[in-house]
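Dear colleague,

Please find below the structure I promised to pass on to you. My notes on it follow directly after it.

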Amino acid sequence: LGGAIFTLLTVLLLATGSILTREFFDGQWLLLIGLILTMGSFGAGELLRGLLSGSHRFAAYATYFGLEGLVRFIAAIGLGLASVEVAGPYGLVVALGPAVAVVVAGRGQRDLLRPGAGLEWRELTPALGFLLAASLFEAFLLNAGVAAVRLLTGEGEDDAAGRFLNGLLMARVPLFFFQAVKASLLPNLARLAGVGNWDEFRATLVRLLTFVAAIGSAGIVGAYLLGPFVVETAFGDEIGRSDMALLALSSALFMGALSLALTLIAVGAQAKVALGWLPGVVLFPIAVAVMSGDDFLRVEVGLIASIGLAAVVMAAIARHEIRRVRALAPAGHS
């Protein structure tokens with residue numbers, strides 16, 4: 001199924017390649033090729049990461065993440081030292097990281113695919129469809145901020161979206177720490193739900209949300225105190241302390257919503273994940289449109305409001321679904 005989706009997207013991208021390269025990639029075909037190769041390498045990487053985390057092979061899981069970033073970092077530095085000043089080759093580097101990580105982290109891994117209960121396509125496809133919709137909504141809330149800044153800023157402010165993106169990257173550093181938790185969270189919650197150990201399920205969820213609150217709070221304080229200095233040092237851009245703090249708050253809310261989304265998947269409520277993200281997707285453009293004042297502030301408030309709403313809706317749905325599943329559990333498993 002993944003191969004079919006990749007093939008379809010590749011055909012679409014190649015068919016519209018001249019328009020895409022002209023409108024979005026400044027005429028650089030290497031960026032389009034890099035995008036296609038990145039879809040393939042990330043697709044393989046996502047599959048391998050799921051297999052590794054699902055079978056609790058966290059050493060190999062960590063190897064994947066470490067190599068993915070390290071390869072891209074070293075390759076980009078190499079291009080910089082070689083005085084490469086066009087974006088195309090750097091686009092290829094984005095695809096190179098996960099490709100190398102898949103080969104190295106997957107080497108020597110045996111019995112990743114083991115026999116289990118069979119699934120018919122008619123059972124599998126709806127669940128994947130709902131998860132795809134949820135992923136699209138999630139990606140929208142992750143990336144819409146930069147696009148909104150680009151649309152809001154006028155002539156002479158072409159660098160505004162870049163400055164916003166650089167601040168957003170720094171504010172989302174806690175999300176990288178969350179990846180380690182995410183790897184073990186879903187298999188563990190699914191196991192606890194499967195055996196009907198709801199007391200431990202609840203305790204695990206409470207610990208997770210406490211961790212998210214702690215790391216999110218630390219991220220907000222760190223972004224306020226150090227964010228502007230780090231952004232200026234790393235990228236040469238200026239961004240305000242309040243901007244960094246608000247972006248970090250939106251990131252903390254996103255971690256909370258993502259934790260609840262994984263909880264819904266663990267109890268078999270995949271369709272409800274998309275329903276949880278949807279109100280935030282609808283609210284974001286409305287919030288940005290009705291706000292007035294500084295463009296950055298409008299987008300930041302829009303992100304906080306939309307992601308916060310998604311988190312609240314997700315929490316309400318999760319509460320309902322857990323109660324429903326517990327009520328349906330056989331005697332002795334509730």
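When two helices are compared by the angle between their N-to-C directions, an angle over 145 degrees counts as roughly antiparallel. Please bear in mind throughout that this is a predicted model.

Helix α1 (residues 2–15) packs against helix α3 (residues 29–54) at an angle of about 175 degrees, and their axes are 10 Å apart. The two helices, α1 and α3, are therefore roughly antiparallel to each other. On the α1 side, Phe6, Leu9, Thr10, Leu13 and Leu14 meet Leu32, Leu35, Ile36, Met39 and Gly40 of α3. Of the residues in this contact, 8 are nonpolar, 2 are polar and none is charged.

The chain as a whole contains 12 helices and 0 strands. Its radius of gyration is 21 Å, close to the 20 Å given by the globule rule for 334 residues, so the chain is as compact as a globular protein of that length. Buried residues account for 39% of the 334 residues.

Which residues have the most contacts inside the largest nonpolar core? They are Trp198, Phe201, Phe254, Leu264, Val267 and Trp277, in a core of 37 residues. Two or more residues each come from α6, α8, α9, α10, α11 and α12, and α10 gives the most, with 9 residues.

Yours sincerely

Technical notes
Residues numbered from 1 in each chain as written. Predicted model: local features only at pLDDT ≥ 70, side-chain atom pairs only at ≥ 80, totals over all residues. Heavy atoms only, no water. Core = buried A, V, L, I, M, F, W, Y, C linked by side-chain atoms within 4.5 Å. Buried < 20%, exposed > 50% of the residue type's maximum accessible area, 1.4 Å probe, protein only. Helix = DSSP H or I, 4+ residues; strand = E, 2+ residues; numbered from the N terminus. Axes fitted to C-alpha atoms, helices over the stretch in contact; angles between N-to-C directions. Parallel < 35°, antiparallel > 145°, perpendicular 65-115°, else oblique. Contact = heavy atoms within 4.5 Å. Nonpolar A, V, L, I, M, F, W, Y, C, P; charged D, E, K, R; others polar. Rg over C-alpha atoms; globule rule 2.2 N^0.38 Å.
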